[in-house]
Amino acid sequence: MRHIISLLMENEAGALSRVAGLFSARGYNIESLTVAPTEDPSLSRMTLVTRGSENVIEQIKKQLNKLIDIVKLADISDGVHIERELMMVKVQAASSEQREELKRIADIFNGSVLDVTDKTYVIELTGDGDKLDAFLAAVDQSSILETVRSGATGIARGSKSLRV
């Protein structure tokens, strides 16, 4: 089962490496990982996506909580949450027909054209992973030159917060 684990950690050199090392040493996979400072500059928020049985996820959470850099941890997939991912796709857009079709598809998915050249468009989309996958499926695969995705980030809905 897919789990989104959010954690607050000390914003110090080597903290990310220790988390990644924990996964690597135990043979667990990280599907996506995002990290950025929070409103408190001494803390960073890490969001990682992983898959595993309930026992494996419980073991991961216990091991993460043992790391001295980890201040607080929550599996936000346990409750109602909002999840988003950012994707930028560079596509061939040499003909006016290609340009019109790509603009139409981008509009359907609430995407934005960030860059236009005489032969390419760069389209930006945000949403959950399924939406981004659907966009990629809707675009002619031979026109895709490059795809960049941020990985999932998420936040619990309502009054539940990951705070110290």
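Is Glu31 buried, partly exposed or exposed, and what is its relative accessible area?

1. Glu31 is partly exposed, at a relative accessible area of 40% (buried is under 20%, exposed over 50%, partly exposed in between, with a 1.4 Å probe and protein chains only). The model is predicted: local features need pLDDT of at least 70, side-chain atom pairs count only at pLDDT 80 or more, and totals for chains, interfaces and linings use all residues. Residues are numbered from 1 along each chain as its sequence is written, and side-chain values use heavy atoms, without hydrogens and water.

2. Glu31 forms a salt bridge with Arg51, with the closest N and O atoms 2.5 Å apart (a side-chain nitrogen of Lys or Arg within 4 Å of a carboxyl oxygen of Asp or Glu). Glu31 lies in the loop between α1 and β2 (32-37) and Arg51 in strand β3 (residues 43-51), 20 residues apart (helices are DSSP runs of H or I, at least four residues, and strands runs of E, at least two, numbered from the N terminus). Arg51 is partly exposed at 49%.

3. The count comes to 12 salt bridges. One of them joins Arg18 and Asp69, the closest N and O atoms being 2.4 Å apart. Asp69 is buried at 4% relative accessible area, whereas Arg18 is partly exposed at 36%.

4. The whole structure holds 2 aromatic pairs. Phe23 and Tyr28 have ring centres 6.3 Å apart and planes at 80°, so they are edge-to-face (centres within 6.5 Å; planes under 30 degrees apart are stacked, over 60 edge-to-face, the rest tilted, for rings of Phe, Tyr and Trp, the last by its six-membered ring). Phe23 is buried at 1%.
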